[in-house]
Amino acid sequence: MLGPLLVRSGAGWTRIAAGRQRLVLAVLLIHAGRTVSTEQLADVLWGARPPRTAANTVAAYVMRLRRVLGGDALLTRGSGYELAAGEGEIDADVFERSLACGRRELRRGRLEAGAARLAQALRLWQGSGPALADLPETPVLAARVAHLEQLRLGAVEDEMGALLDLGQHGEVVEELRRLAEESPLRERRWELLMAALARCGRRAEALETYQRARRVLRAELGVEPGARLCAAQRRVLAGDRMEVGWRPAGRPETERRPPAQLPAGVAGFTGRAGQLARLDALLPAANAPAVVATLTGPAGVGKTALAACWGHRVRDRFPGGQLYVHLHGHGERPPMPPAEALAGFLRALGASRVPADVGEASALYRSLLDGRRVLVLLDDARDAAQVRPLLPGSHGCVALVTSRDRLTGLVARDGARPMALGVMSDREARDLLTGLLADRAAADPEAAMELARLCGNLPMALRAAAANLTSRPHEGIAAYAAALAADRLGGLEVDGDPHSGVRGAFDASYATLGQGARLLFRQLGAPGPADVTAAEAATLIGGDVAAAARLLRELAAAHLVEEHATGRYGMPDLLRVYAAEKASGTGPARSRRATSLYGAG
């Protein structure tokens, strides 16, 4: 794995010629000892549009790999496959074990043994390229590849530091110069080079090295050198010995390894090409100010799925790591206090202490982000006040905030760039159902389109319907759609998981409203015009026009109504059904009816 993907057989090292077979093997390698389903492999190979023969094709790829690996290496486990690799059979695993052993030796003061084990670990790499260098970049592989690359960079620096402590500054000074120029944003390399030069009696070159590092950091990241590099300059000026070689491992491992907290991408993610392109356009240059963006929309529209998908697509643009927190802005749990979210971020960044004061914790958080390009995904925010302490300040960083609220305060005060997410287009909804239901949707496309219409093209509703149909393999889409037409919200509940149903998601949004907005929302569900003005809304609730206008704006901010034309507000299809249910008080009865209509399992 450490370089191009190669397999050892009786004839020596062999490259798997077919690209898709190589990709299947790579996925099985990074999950060695665990079962990988056929669906997971198909998703990596073909994305949201696998062929009808995907399972058979994957099986054929596995059969050909068995001829190379041996029959006992690839095991069939139910509807998936497992790579059974013994100890020492995967070079990436050997590398990690050797690296850990070398660092243990260094911590015990056995510098020669530690440096030798680190050198042994680094010799496993083939060339200077990344792990799995001959494979396309995919979200499934990216995290493992990035992790191994960070370990390699750290291992090289640890080895050089140990050799410095062994008094070999003259032997390593030119190698350290090459390493610093190769990765100029890694400040430790400049620090080690300064130490080697100073110990060789070349103080002027050591000071020029500091200035070179400072110019690079300012040009590329717009930041000044960090505290350790600045301290190294002061020690050179003072004529100190520059003890900056091997650093005892008293600090948390997270400080040496960037956090990678993005949630897993949603299987079968479909569409949203325009929104992904708009998010790509937000990416700042390395020396540009931090960007804050809001991704808002109604419950179930797919905000988190889109944010996670985009995060995995661009994670290589954020070598400082990716931070994620679910803020529980809408749901049964109370919203997460900013102090709790900050505590999690600080621990992930390697902080040795977590201040109790929110202001102090936020300041420490921004300090730890200084000089790093980090993606911060703040999911399901309740309001702007919950988010502000969590925003990064460093150049090159991006904070993406998802919420059912418009978060207008972040736009007005913090310069956030807003993006509203609506329901899927007819084509996207059809493609999503086809991806989730495969042959069943293809066999009855008209029924699939009717199902998408009944789901209001809402991603959560489409996935709930697909999940229910998947659990009932003998029920046709047309029959399910006919039953759903009689009870839209009840039919979109997910057996055994009420929080995954549409009604539960709408309940969470409704719960955030004030009493006046709740009253107007219920009135808008009554039979009548498809949209209303403020004057018409005032008539519905028996109030004045100004008060009705404020309530409509509150509903629009919570994405429970849409202003689709100036001064005219309407509801998406499923929300109107929900509002009618709230107005008539038939929710529980409808839930019981859904249970009898669709069964308990």
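In strand 5, E82 is the bridge partner of L75. That is one place to start in this predicted model, where local features need pLDDT of at least 70, side-chain atom pairs count only at pLDDT 80 or more, and totals for chains, interfaces and linings use all residues. Residues are numbered from 1 along each chain as its sequence is written, and side-chain values use heavy atoms, with hydrogens and water left out.

**Around strand 5**

Helices (H or I, at least four residues) and strands (E, at least two) are DSSP runs, numbered from the N terminus. Two strands pair if DSSP finds at least two bridges between them. Strand 4 (residues 74-77) pairs with strand 5 in the antiparallel sense, over four bridges. The two make a hairpin with two residues between them, and G78 in that turn has a positive phi of about 60 degrees. Strand 3 (residues 35-37) also pairs with strand 5, again antiparallel, over three bridges. Here S37 sits opposite G80.

Strand 5 itself (residues 80-83) is covered on both faces: G80 and E82 on one side, Y81 and L83 on the other, are all buried. Buried means under 20% relative accessible area, exposed over 50%, and partly exposed in between (1.4 Å probe, protein chains only).

**Around strand 9**

Strand 9 (residues 398-403) has six of its six residues buried. V398, L400 and T402 cover one side, with A399, V401 and S403 on the other. Its pairings are parallel: six bridges with strand 6 (residues 291-296), and four with strand 8 (residues 374-379).

**Aromatic pairs**

A search of the whole structure turns up six aromatic pairs. Rings of Phe, Tyr and Trp (its six-membered ring) pair if their centres lie within 6.5 Å; planes under 30 degrees apart count as stacked, over 60 as edge-to-face and the rest as tilted. Two of the pairs look like this:

| Pair | Centre to centre | Angle between planes | Class |
|---|---|---|---|
| F345 and Y365 | 5.6 Å | 25 degrees | stacked |
| Y510 and Y578 | 6.3 Å | 80 degrees | edge-to-face |

F345 lies in helix 13 (residues 338-348) and Y365 in helix 14 (residues 358-369), so this pair ties together parts that are 20 residues apart in sequence. F345 counts as buried at 2% relative accessibility, and Y365 does too, at 0%.

Y510 belongs to helix 22 (residues 502-511) and Y578 to helix 26 (residues 573-584), so that pair links distant parts of the chain, 68 residues apart. Y510 is buried at 9% relative accessibility, while Y578 is buried at 0%. Both belong to one aromatic cluster, along with F506 and F521.

**The whole chain**

Zooming out, the chain has 27 helices and 13 strands. Its C-alpha atoms fill a box of roughly 85 × 60 × 35 Å along the principal axes. Of the 601 residues, 49% count as buried. The chain exposes about 26400 Å², with carbon and sulfur atoms supplying 52% of it; accessible areas come from the Shrake-Rupley method with a 1.4 Å probe, and for residues only the protein chains shown count as cover.

Contact means heavy atoms within 4.5 Å. Among contacts between residues at least 6 apart in sequence, 69% join residues at least 24 apart.
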